[in-house]
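I am opening a notebook on a structure that is new to me, and I mean to look things up one by one, from the whole chain down to single residues.

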Amino acid sequence: MSLPESSVVPVVPAPAPQQPATTAVPEPIVLAARNLRVFYGTSLALKDINIEIPRQQITALIGPSGCGKSTLLRCFNRMNDLIPGAKMEGEVQFDGENITEPGTDPVALRRRIGMVFQKPNPFPKSVYQNVAWGARINGYRGDMDELVERSLRRAALWDEVKNKLHRSGLELSGGQQQRLCIARTLAVEPEVILMDEPCSALDPISTARVEDLMDDLKDEYTIVIVTHNMQQARRVSDLTACLMLDETAKDGHRTGVIAEFSATDLLFTNPKDPRTEAYITGRIG
Ligand SMILES: Nc1ncnc2c1ncn2[C@@H]1O[C@H](COP(=O)(O)OP(=O)(O)OP(=O)(O)O)[C@@H](O)[C@H]1O
């Protein structure tokens, strides 16, 4: 039955309920450096490094070549320990624990803080073995097939490799190899993923896939990425630290410092430090 026109009551939207004023709750800090200095031999590579990395966010480290981005990244899982002559002073905290203390087991630490490198570096083994490797040496007792599939799905690679799990990982394209390395890292179930220029060896399409993947992964993981590509930092990261060479060093040493650390949008639209502005506008290379 149709209603007479006069009985149709116009729908007036109910007033929106008053929203309480909210302030964004900052994510808890998962990694922090406090008064960190890093030496290679007698050469001071980084000084006065103070930074707090929030959980489940993407933090980008940018800055000119040689300012210490990769050095800082490697401090977070003690990868610098593997470089003869490298030494850290100050504190690096992971979940509130100072991981520079001699009591920290770097191997156990690297299980919780995984790393993806610039150049995809799968082992010369099958796709399956590449993913299973870390879990196996850590004594994983669950269903390995399930873990391999889950890790490859999480790395957005499953559909491309599900029919070639037992082919060499080296037969994949560069972009697929990098996602395989990410799957290998995820299979160890880390909390943090450090990425050192993960796209610099990839074409634009593969780069876009890795960037999309990073965006997906931040629901579960904290990501710290070193990138030379400022557009990439802008696209993917929530926070950006801009490192610079310290202009006050008089002894000829090239020492990196953090010039500015803030929300990515802010850093790129309204940099507070003239060195950041010079870098992001291309005046410092
Ligand atoms: N293994 C090493 N041994 C000695 N010095 C090193 C080593 N690795 C880096 N350095 C020095 O430490 C400084 C910082 O290097 P690092 O690679 O961390 O900078 P970066 O900002 O990541 O550079 P790039 O953008 O060119 O990769 C540089 O002066 C570099 O020469």
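Before counting anything, I note that two residues are taken to be in contact if their C-beta atoms, placed from the backbone, lie within 7 Å. I also keep in mind that this is a predicted model.

**Entry 1: the whole chain.** With that cut-off I looked at contacts in the protein chain between residues at least 6 apart in sequence, and found that 70% of them join residues at least 24 apart. The protein chain has 285 residues, of which 39% are buried, and I find 10 helices and 10 strands in it.

**Entry 2: the core.** I looked up the largest nonpolar core, which has 70 residues, and the ones with the most contacts inside it are Leu61, Ala183, Leu194, Val224 and Leu243. Helix H6, residues 174-187, gives the most to this core, with six residues. I then followed Leu194 and, leaving aside residues up to four places away in sequence, found that Leu194 touches Leu73, Phe76, Asn77, Ile113, Met115 and Val224.

**Entry 3: the ligand.** Which residues are the closest to the ligand? I find 13 residues surrounding the ligand, and the closest are Tyr40, Ser65, Lys69, Ser70 and Thr71. Helix H1, residues 69-75, supplies the largest share of this shell, three residues. By type, the shell divides into four nonpolar, seven polar and two charged residues.

**Entry 4: helix H4.** I went through helix H4, residues 144-154, and noted that Val148, Ser151 and Leu152 are buried there. These three lie on the same side of H4, because they cover an arc of only 95 degrees around the axis. The general rule is that an α-helix has 3.6 residues a turn, so residues three or four places apart point the same way. I next asked what the buried residues of H4 pack against, and found helix H3 (127-137), helix H5 (158-161) and H6. H4 is followed by Ala156, which has a positive phi, near 55 degrees.

**Entry 5: strand E1 and its partners.** I found that E1 and strand E2, residues 43-54, pair in the antiparallel sense over eight bridges, with Leu36 standing opposite Ile49 in E2. The two strands E1 and E2 form a hairpin with two residues between them, and Gly41 in the turn has a positive phi of about 60 degrees. E1 and E4 also pair in the antiparallel sense, over eight bridges, and here Arg34 stands opposite Glu91 in E4.

Entry 6: Asn35 is not a glycine, yet its phi is positive, about 50 degrees, and I place Asn35 in strand E1, residues 29-40. Is Asn35 buried or exposed? Asn35 is exposed, because 11 other C-beta atoms lie within 10 Å, and the cut-off for exposed is 12 or fewer. Asp95 likewise has a positive phi of about 50 degrees although it is not a glycine, but I find Asp95 in the loop between strand E4 (86-94) and strand E5 (97-98). Asp95 counts as partly exposed, because it has 14 C-beta neighbours inside 10 Å.

Note on methods
Residues numbered from 1 in each chain as written. Predicted model: local features only at pLDDT ≥ 70, side-chain atom pairs only at ≥ 80, totals over all residues. Near = placed C-beta within 6 Å. Helix = DSSP H or I, 4+ residues; strand = E, 2+ residues; numbered from the N terminus. Nonpolar A, V, L, I, M, F, W, Y, C, P; charged D, E, K, R; others polar. Core = buried A, V, L, I, M, F, W, Y, C linked by C-beta atoms within 7 Å. Buried ≥ 20, exposed ≤ 12 C-beta atoms within 10 Å, placed from the backbone. Arc of directions from axis to C-beta. Pairing = 2+ DSSP bridges.
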